[in-house]
Amino acid sequence: MPTAADAQPAVATETFWNQRYEAMKGNVKLQLYRRRLKAPVRGEAPLPVLILVHGSSMSTMPTFDLTVPGAGEYSMFNVFAKYGYDVWGIDFEGYGRSSVTPGWSDIKSGVADLNAMMPVVGRETGQRGGYHMIGELSGAVRVAAFGAQYPDRAGRLVFSAYTYTGKDSPTLTERAKNLKFYQENNRRPRPKEMLESIFTRDKAGTSDPRTAAALVAAELPFGDTVPTGTYLDMTSKLPIIPASATKSPVLVIRGQHDGIATEADLLDFYRELPNPDKSFVTLPGMAHTLVLGTNRELFWYASQAFLKSPKPLVTV
């Protein structure tokens with residue numbers, strides 16, 4: 001296991017190489033983001049690819065590249081670029097800088113978006129698979145579904161705030177009261193108050209109050225509605241895929257106070273994962289969003305430890 005020092009970003013610098021790309025899913029434009037410590041050089045060994053996958057209510061950059069003035073580092077793009085990864089992200093259909101369409105952007109659509117991203121990642125990195133992924137919230141379900149459908153492209157997978165059957169979930173029980181609306185509307189309201197509630201609905205005190213204001217400022221320029229598809233999936237179609245369908249190594253990681261899924265439900269999921277290379281972690285003092293919580297460095301540490309774990313020399 002790495003030490004705490006190993007899990008800290010190795011290079012103290014604020015200089016990064018950034019690039020944006022576009023992928024096409026038919027007529028739908030998908031915005032891609034990429035960050036490394038320095039530009040790739042022909043002939044150098046490629047860096048491991050890490051794809052960050054956003055959830056139901058926020059696009060990629062406000063989720064994984066947020067700036068919170070005076071509150072320290074929040075950007076997982078920065079942190080994992082410093083760890084030595086070639087870090088990528090995608091805005092799903094209907095989110096952020098990607099095309100806004102009449103589509104619902106459900107889990108199945110998210111898998112198609114990730115698949116449309118693959119040729120660009122392969123062309124630019126020279127790697128054709130084994131991509132590590134960290135999925136946050138419904139992004140974790142998208143990652144699980146993608147890994148099940150395209151196991152040759154999936155490396156080590158991190159499921160943050162995963163949702164399995166939804167049994168005894170206080171968040172989903174409350175959300176299901178709006179099922180009829182989700183069935184009839186392809187987009188749902190996502191106002192300032194909804195974004196702010198992400199940080200308080202499960203347990204107050206698990207995030208810095210400045211984070212909510214920063215998120216609102218970063219996300220609302222993309223509009224005050226988002227696609228309904230993942231909410232409809234998670235209130236009427238769980239489980240989306242059986243745990244047995246995910247063959248990759250998996251880290252299931254949740255906050256102590258997360259209301260989207262009980263620990264018992266996630267442990268059932270964990271036990272059913274077929275690959276013995278798996279881990280289950282509960283982070284203290286954390287709630288729904290591990291990326292934006294006060295104790296987010298625990299999330300970085302656990303994710304990095306799992307992603308850097310050596311391959312077993314013996315499997316019997």
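The largest cavity has a volume of about 130 Å³. A cavity here is a set of points on a 1 Å grid over the protein atoms alone where a 1.4 Å probe fits but cannot get out, and lining residues have an atom within 4 Å of a point. Points are joined across faces, edges and corners, and a volume is the space filled by probe spheres set on them.

This is a predicted model, in which local features need pLDDT of at least 70 and side-chain atom pairs count only at pLDDT 80 or more, while totals for chains, interfaces and linings use all residues. Residues are numbered from 1 along each chain as its sequence is written, and side-chain values use heavy atoms, with hydrogens and water left out.

Around the largest cavity sit 15 lining residues, with Ser56, Leu137, Arg175, Arg201 and His288 nearest its centre. The second largest cavity is lined by residues including Phe199, Thr206, His288 and Leu292. The whole structure holds 2 cavities of 30 Å³ or more.

Pockets differ in being open: each is a set of points with protein on both sides within 12 Å along at least five of seven lines. In the table, Ala, Val, Leu, Ile, Met, Phe, Trp, Tyr, Cys and Pro count as nonpolar, Asp, Glu, Lys and Arg as charged, and the others, Gly among them, as polar.

| Space | Volume | Lining by class |
|---|---|---|
| Largest pocket | about 310 Å³ | 7 nonpolar, 5 polar, 5 charged residues |
| Second largest pocket | about 260 Å³ | 6 nonpolar, 3 polar, 4 charged residues |
| Largest cavity | about 130 Å³ | 8 nonpolar, 5 polar, 2 charged residues |
| Second largest cavity | about 50 Å³ | 4 nonpolar, 5 polar, no charged residues |

In the largest pocket, His132, Gly155, Arg156, Pro249 and Lys311 lie nearest the centre. Strand S6 (residues 154-160) gives the most to that lining, with 3 residues; strands (E, at least two residues) and helices (H or I, at least four) are DSSP runs numbered from the N terminus. For the second largest pocket, the residues nearest the centre are Arg175, Asn178, Tyr182, Met194 and Tyr231. Helix H6 supplies the largest share of this lining, 4 residues.

Now for the helix. Helix H4 (residues 107-125) contains Ser109, which counts as buried (under 20% relative accessible area, 1.4 Å probe, protein chains only) because its relative accessibility is 14%. Beyond its neighbours within four places in sequence, Ser109 is in contact (heavy atoms within 4.5 Å) with Lys25 and Glu93. After H4 comes Gly126, with a positive phi near 75°.

Note on methods: Buried < 20%, exposed > 50% of the residue type's maximum accessible area, 1.4 Å probe, protein only.
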